[in-house]
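Hi everyone, thanks for coming.

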Amino acid sequence: MPGAIYAEGLVKTFGDVRALDGVDLDVPEGTVLGLLGPNGAGKTTAVRVLTTLLQPDSGKAVVAGIDVLKNPNEVRRSIGLSGQFAAVDEYLTGRENLRMVGQLYQMSSRAAKARADELLERFNLAEAADRTAKTYSGGMRRRLDLAAALVVSPPVMFMDEPTTGLDPRNRQQLWGIIQELVAGGTTLLLTTQYLEEADHLAHDICVVDHGRVIARGTADELKARTGGERVEVVVHEHDRIDTARTVLAALGKGGEATVTVDEHTRKLTVPVTGGAKLLAEVIRELDTRGVEIDDIGLRRPTLDDVFISLTGHAAESEDAAKLAGNTAKNTKEAGK
Amino acid sequence: MTVTTEAVPTTAPRPRGGIVQSATDSLVVARRNLIRMTRIPEVVLFGLIQPIMFVVMFSYVFGGSLQVGGSVNADVYRNFLMAGIFAQTVTFATAGAGAGIADDMHKGLIDRFRSLPMARGAVLTGRTLADLVQTALTVVVLAIVAVLVGWRIHEGVPKALGAFGLLLLLGYAFSWIGALIGLSVRTPEAATSGGLIWLFPVTFISNAFVDTSGMTAWLRHIAEWNPFSATVQACRVLFGNPGVSESTAWPMEHPVLASLIWSVLIIAVFRTLAVRKYRSATA
């Protein structure tokens with residue numbers, strides 16, 4: 001039986017660009033699927049097709065057991081969408097926004113009013129309820145947008161990059177809301193560029209690149225693909241890097257492991273086997289040689305590593321890549 | 001964050017469908033747009049200032065030198081002019097509708113609306129209805145200013161109200177053209193200018209500000225068949241104002257009927273096109 005969100009061979013082209021190039025998805029009821037990929041990978045296009053906003057060129061999509069292409073209006077009754085931008089009317093108050101959405105979900109005026117009050121309370125917006133959304137902070141707008149998507153507590157939710165542009169505190173808060181939601185039985189499809197976010201929230205992850213799903217599985221399964229764990233050390237003094245390198249190479253995987261060194265941050269990384277026991281050994285050995293350390297840790301591969309090993313490039317947007325390029329250059333100069 | 005257990009997922013109530021749902025959804029959206037107007041009163045205010053400025057400029061600058069009905073008389077010109085200014089004012093609501101809808105697209109609100117189980121045309125109908133309210137308000141203020149500069153009606157109140165009805169219908173029809181423009185352009189800025197520029201030839205190649213009998217033949221034909229001219233002519237007849245065209249062109253001989261037909265036709269065509277465009281709209 002297909003899941004609450006099911007897609008088969010979705011294709012959508014915009015001119016020469018194949019935004020979706022045969023995407024298959026299957027999200028079991030009550031679970032979270034993380035659609036992970038860089039900007040332009042096709043995540044938003046997939047969400048737009050599944051939420052009836054865009055007609056695919058070919059393929060099949062079923063949401064909440066209803067055919068998206070044949071019966072879009074039935075699908076709309078069963079979904080909530082929180083897009084990339086906080087889609088709220090900034091000249092309306094929080095309360096007015098939610099009441100309007102409730103009424104457009106065909107709730108009675110009274111039911112829409114009651115639900116709006118309930119959501120404002122729940123999303124910590126009660127105090128700002130009668131101020132126009134224009135006066136809200138970024139985090140508050142996001143919460144209002146999410147509240148609008150939850151007006152009917154839809155069985156299937158779509159969130160397109162829900163935490164993009166939020167500060168860590170607001171992100172944590174939003175994660176809490178999302179987890180609560182899923183605990184209540186909602187099926188969720190979430191797109192994100194943040195690997196940490198997919199790791200944290202999603203049961204299953206689909207890695208998307210150039211309109212195709214290039215890998216799928218649980219976060220652990222994907223991490224297992226990129227190989228084992230590694231030890232990361234930050235030495236206190238720059239001139240002890242070479243000593244530390246020798247130690248790590250000897251204790252690392254196979255006894256002659258390759259050590260990656262970031263001169264600027266004085267961080268050394270080496271693949272290892274042996275876990276915590278080996279970590280203790282590294283600490284003892286560095287101590288014996290008088291290498292003072294600022295930080296040391298056993299690190300499991302992140303989804304970032306997964307992405308790089310799958311696509312050959314990091315899961316970054318173009319802007320972020322440019323920024324990273326600059327940082328790398330600075331690192332090099334500072335290291336001279 | 002208040003921790004509460006989320007209610008068991010529920011689908012939205014079954015839509016009633018049909019014309020009842022269309023009407024209620026449209027009113028919900030219209031209400032939203034009217035609330036917005038009260039929050040940005042300067043937009044309404046500028047909408048009022050513009051036609052008042054036109055009345056003052058045209059009647060005092062051009063009034064002394066333009067010939068109406070064979071005579072040059074500033075007072076006659078002012079009475080001739082008002083029907084034109086009224087008609088021009090209602091058509092300028094087009095730009096507002098276009099900019100508003102383009103802005104909704106830009107901000108992702110159209111996406112939200114399109115993902116809701118609401119009537120398809122309601123977002124646009126709601127907007128055009130709200131614009132109609134604003135237009136009506138503008139017309140009332142403009143009528144007061146017109147009376148102050150010497151404009152009078154001579155055919156009784158019922159006929160004058162009929163003329164205002166025709167004007168509002170024309171404005172409503174034009175706001176659907178604006179809606180289509182708003183859905184077709186990329187930015188709200190483009191919608192504002194795109195919504196305005198074509199209005200200048202439409203309102204000026206007409207009988208609104210000058211007597212068409214002075215135009216060259218081909219231009220006069222365009223002016224006389226201009227939907228805008230039919231409404232202006234109808235207003236002059238219904239208000240009993242000077243300068244009613246003696247032309248034998250059909251819309252000039254049957255201006256009330258012509259005005260009605262034009263407006264209904266514009267609504268039918270542009271509403272269909274705009275709603276179709278809305279269904280596939282992408283920000």
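Predicted model: local features only at pLDDT ≥ 70, side-chain atom pairs only at ≥ 80, totals over all residues.

If you want to find Leu45(B), look in helix 2 of chain B, residues 41-62. Leu45(B) counts as partly exposed because its relative accessibility is 48%.

Now, what about the inside? There are four cavities of 30 Å³ or more, and the largest cavity holds about 60 Å³ of space. Which elements each supply at least two residues of its lining? They are helix 3 (94-104) of chain A and helix 1 (18-39) of chain B. From chain A, the lining has Leu92(A), Glu96(A), Arg99(A), Met100(A) and Gln103(A), and from chain B it has Val28(B), Arg31(B), Arg32(B) and Ile35(B). By type, that lining splits into four nonpolar, four charged and one polar residue.

Last stop, for those of you who like backbone torsions. Most residues other than glycine have a negative phi. Here are two with a positive one. Asn124(A) has a phi near 65°, and Asn124(A) sits in the loop between helix 4 (109-122) and helix 5 (138-149) of chain A. With 43% relative accessibility, Asn124(A) is partly exposed. Then there is Arg266(A), with a phi near 55°, in the loop that runs between strand 12 (260-262) and strand 13 (267-271) of chain A. Arg266(A) has a relative accessible area of 22%, so Arg266(A) is partly exposed too.

That's my tour, and I'm happy to take questions.

Technical notes:
Residues numbered from 1 in each chain as written. Chains lettered and ligands numbered in written order. Heavy atoms only, no water. 1 Å grid on protein atoms, 1.4 Å probe; cavity = no way out; pocket = protein on both sides within 12 Å on 5 of 7 lines; lining within 4 Å. Points joined across faces, edges and corners; volume = space filled by probe spheres on them. Helix = DSSP H or I, 4+ residues; strand = E, 2+ residues; numbered from the N terminus. Nonpolar A, V, L, I, M, F, W, Y, C, P; charged D, E, K, R; others polar. Buried < 20%, exposed > 50% of the residue type's maximum accessible area, 1.4 Å probe, protein only.
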